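Open the structure in your viewer and keep the selection tool at hand. This tour goes stop by stop, with something to select at each one.

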Amino acid sequence: MFLKKEKLTVEALVLILLSIYSYSINWYSGNIGVIPIDSFGFLDTGYSIINGHLPIRDFWIFTGLLVDYMEAAFLYIFGNNWNSHLAHGSFMNIFATISLYYFLKEYDLKISYICFYCLCFATLCYPLSGTPFAYLHAYIFSLIAIFNLLIAIKTKNRLLWLVFPFICLFAFLSMQTPTMYILIVLLFLLILHFFKTKDFKNLRFFLIGGTLSISFLFLFLILTKTPLVNFIYQYILFPITIGEGRITSKAIAYISLLDQLNPKRLFGEFKFIHIFLIPLIFLSFKIIKKKNRNLNYLNFTIIFSTLAFFFNQLITANQIYIFSLIPILAAIVHINLDNLKINPKILYLLIFIVLFATIKFHFRFNIDRKFHDLEHVDKGKAIKASAINSNFKNLRWISKLDDPKNELEVIKQAIEIINEDKKEKILITHYQFMSAFTDQPLNILNRWYLWDNNTHPTENHKYFEFYKSLVNKNIKTNNIKVIYLLGQENEIPFENVKNYFTDVCFDSKTIVQNRFSSHKLIKCKK
C-alpha cells in the first residue's frame with residue numbers, strides 16, 4: 001500500500017510539473033508580438049457570445065465555433081482581458097500534454113521517457129501561436145481522438161468508447177480540417193477492429209455516444225435559436241468551396257495544392273518529422289509479422305494520421321503547426337524498439353534528435369515568432385500594449401507591417417472616438433479586441449475580413465447573396481447608425497465593404513488616412 005501511495009504522489013507531482021511547464025511556455029510565447037488577424041481572432045467573438053450576439057446565427061464564421069464558446073467561458077470566468085485570452089491557449093497546451101502523458105503510459109514507457117516526450121510536445125504544440133487558434137484546437141482534439149480510440153481498443157474501456165464521438169465532434173466544431181482527414185483514418189480503424197473482433201458490446205457504446213453527440217449538436221442549435229440553414233451554409237458548404245479551390249488549383253484559391261508539391265515543401269520543411277516517420281514505417285512492417293494487434297493498430301494509425309496532417313498542412317495558408325508530431329513519432333518509434341529489444345543505445349540518438357529539433361523550433365517559432373511572421377522583426381522595438389488599454393497587461397506589442405508606436409497611437413485614437421460615439425455601431429477590423437476591452441457591443445459582421453473568398457463569400461462567390469442577407473439582417477436587427485473601419489494600412493478598403501449592403505448609402509469620413517474611417521448610414525437620394 002505504501003508503494004502505491006508513493007507512486008501516486010510521484011505521478012501527481014509529474015502532472016503538476018507538466019501542467020506548470022505547459023502553461024508557462026505558452027504564456028511566455030504568447031506575450032511576444034502579434035499578427036492582428038490571428039492573435040485577436042476569438043476575443044470579440046467570445047465577448048459577443050457573453051452579450052447574446054452569437055456566431056453563425058448573428059454573424060459570419062466558417063470555422064472555430066467551439067473555440068468561440070470556449071473563449072467566451074474564459075472571458076466570463078477570468079474577465080475581458082488579454083490574460084484570459086492567453087489562459088485559453090495555455091489551457092489547451094496543458095490538455096494536450098496531459099492527454100499524451102496518459103496515452104504513452106498505456107504502452108509501458110518509463111516515466112522518465114514519457115516526461116521527456118511530453119515536455120518536448122508542450123514546447124512545440126500551442127506555443128507556436130500562444131493565442132487561441134482554430135487549427136491548433138482541431139489538431140489537439142484530433143490527436144486526442146486518436147489516443148482515445150487506440151486506448152479504447154486496447155483496454156476495452158466502455159467509457160472511452162462512449163466519449164470518442166464527442167471528442168470527434170469537438171474537433172470538427174474547432175476546424176473542419178484536419179479533423180475530417182483524421183476521422184477518415186479512424187473510420188478505417190473502426191471498421192477493421194469491429195470486423196476482426198466482433199466486439200459488439202463496445203460497438204453499442206460507440207453508437208450510443210455517436211447518437212448522443214449528434215443530439216447534443218442539434219440541441220445546441222435549438223437552444224441558441226441558430227437556423228440549421230445558417231450552420232449548413234457557413235460551416236459545411238462554404239468551407240467545402242475553400243478546400244475544393246485549393247485542391248483543384250482554381251484561380252480564386254489563395255494557395256493551390258500543386259504549388260505545394262515541391263521538394264522544399266514536402267521534405268525540407270518536414271525533415272525532422274520524416275526522420276521518425278520513415279523508421280516507423282520500416283519498423284511497422286517488421287512488427288506486423290509478430291501479430292501484435294494493438295501495436296499494429298498503433299503504428300499504422302499514427303502513420304496514416306501523420307500523412308493526413310501532412311496533407312492538411314499542404315493545403316492550408318498558415319505556417320507549419322504540426323512540429324509537435326516529432327516527439328509523438330519518436331515515442332512510437334521508442335515503443336517499437338522496446339518491443340523488438342533492439343540495442344538501447346539507439347535511444348540516445350533518438351532522444352538527441354528530438355531534443356535538438358525541440359530547441360531549434362522553440363527558438364525559431366516560440367522566441368522569434370515565425371508563426372506570426374515576426375522572425376525577421378526586431379522584437380527589441382516591442383512596447384507594452386497596456387499603453388492603449390489596461391486589459392493588455394503583459395503583452396509586448398510588435399507586428400510585421402507597422403511601427404508599434406504608430407500602430408498603437410492609431411488604435412488608441414480609434415478607441416477614444418468609438419467610446420465617445422453613443423450611436424449603435426459596427427466595427428470592421430482585425431483588431432478583434434475592441435468590443436471586449438472597451439466593454440461595449442460593436443456588432444461584428446465577421447471574424448476575419450479578406451476579399452479572396454477564404455474568410456467569407458465576396459461578389460463572385462455563389463454564396464455571396466446568403467452572406468449579404470446575414471449582414472443586412474445584422475444592420476436592421478441592431479439598428480446600426482454608423483460603421484467604422486480600422487486596420488493596418490489599406491487593409492480594409494471601404495470600396496469592398498460597401499458591397500455588403502442593400503439599399504444603404506453612406507456619409508463617409510476619413511479619420512486616419514488609409515487606416516481608420518467612419519461611415520454614417522443615410523437615406524439614399526432618389
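Which helices each supply at least two residues of the nonpolar patch? They are helix H10 (200–223) and helix H11 (228–247). Helices (H or I, at least four residues) and strands (E, at least two) are DSSP runs, numbered from the N terminus.

Before going on, two notes on the model. It is a predicted model, where local features need pLDDT of at least 70 and side-chain atom pairs count only at pLDDT 80 or more, while totals for chains, interfaces and linings use all residues. Residues are numbered from 1 along each chain as its sequence is written, and side-chain values use heavy atoms, with hydrogens and water left out.

**Stop 1: the nonpolar patch**

Select Ile 214, Phe 218, Leu 228, Ile 232, Ile 236 and Ile 240. Together they make a nonpolar surface patch of about 490 Å². Patches are made of residues with over 30% relative accessible area and no salt bridge; like charges are joined within 9 Å, nonpolar side chains (Val, Leu, Ile, Met, Phe, Trp, Tyr) within 5 Å. Areas come from the Shrake-Rupley method with a 1.4 Å probe, and for residues only the protein chains shown count as cover. H11 gives the largest share of the patch, four residues.

Now pick out Leu 228, which is in helix H11. Leu 228 is partly exposed, at 43% relative accessible area. Buried means under 20%, exposed over 50%, and partly exposed in between (1.4 Å probe, protein chains only).

**Stop 2: helix H15 and Thr 306**

Select residues 293–314, which form helix H15. How far apart are the end C-alpha atoms of H15? They are 32 Å apart, which agrees with the 32 Å that its 22 residues should span at 1.5 Å a residue. The expected span is 1.5 Å times one less than the number of residues. H15 is mostly covered, with 16 of its 22 residues buried.

Zoom in on Thr 306, a residue of this helix. Is Thr 306 buried or exposed? Thr 306 is buried, with a relative accessible area of 1%. Its side chain reaches the backbone oxygen of Ile 302 at 2.7 Å. Show its surroundings too. Setting aside residues up to four places away in sequence, Thr 306 touches Ile 273, Leu 277, Leu 325 and Leu 329. Contact here means heavy atoms within 4.5 Å.

**Stop 3: helix H7**

Select residues 134–155 for helix H7. Its 22 residues should span 32 Å at 1.5 Å a residue, and its end C-alpha atoms are 31 Å apart, which agrees. Because 20 of its 22 residues are buried, H7 is largely enclosed by the rest of the structure. Step just past H7 to Lys 156, which takes a positive phi of about 60°.

**Stop 4: Gly 30**

Go to helix H1 (residues 2–30) and select Gly 30. Gly 30 is buried, with a relative accessible area of 2%.

**Stop 5: Arg 515**

Select Arg 515, in the loop between strand S5 (505–512) and strand S6 (516–522). Arg 515 counts as buried, at 10% relative accessibility. A polar atom of its side chain lies 2.7 Å from the backbone oxygen of Gly 487. Beyond residues up to four places away in sequence, Arg 515 touches several others, among them Asp 402, Glu 407, Tyr 431 and Gln 488.

**Stop 6: salt bridges**

Side chains of opposite charge can pair when their charged atoms come close. How many salt bridges does a search of the whole structure find? It finds eight. A salt bridge is a side-chain nitrogen of Lys or Arg within 4 Å of a carboxyl oxygen of Asp or Glu.

- Arg 57 and Asp 58: their side chains meet at 2.8 Å, N to O. Both residues are buried.
- Glu 375 and Arg 364: the closest N and O atoms are 3.1 Å apart. Glu 375 is in the loop between helix H17 (346–367) and strand S1 (383–384), and Arg 364 is in helix H17.
- Lys 498 and Glu 495: their side chains meet at 3.3 Å, N to O. Lys 498 is partly exposed at 33%, whereas Glu 495 is exposed at 52%.

Arg 364, Lys 370 and Glu 375 are linked in a network of salt bridges.

Terms used. A polar contact is a pair of N or O atoms within 3.5 Å; within protein, one must be able to donate a hydrogen and the other to accept it, and residues adjacent in sequence count only if both atoms are side-chain atoms.
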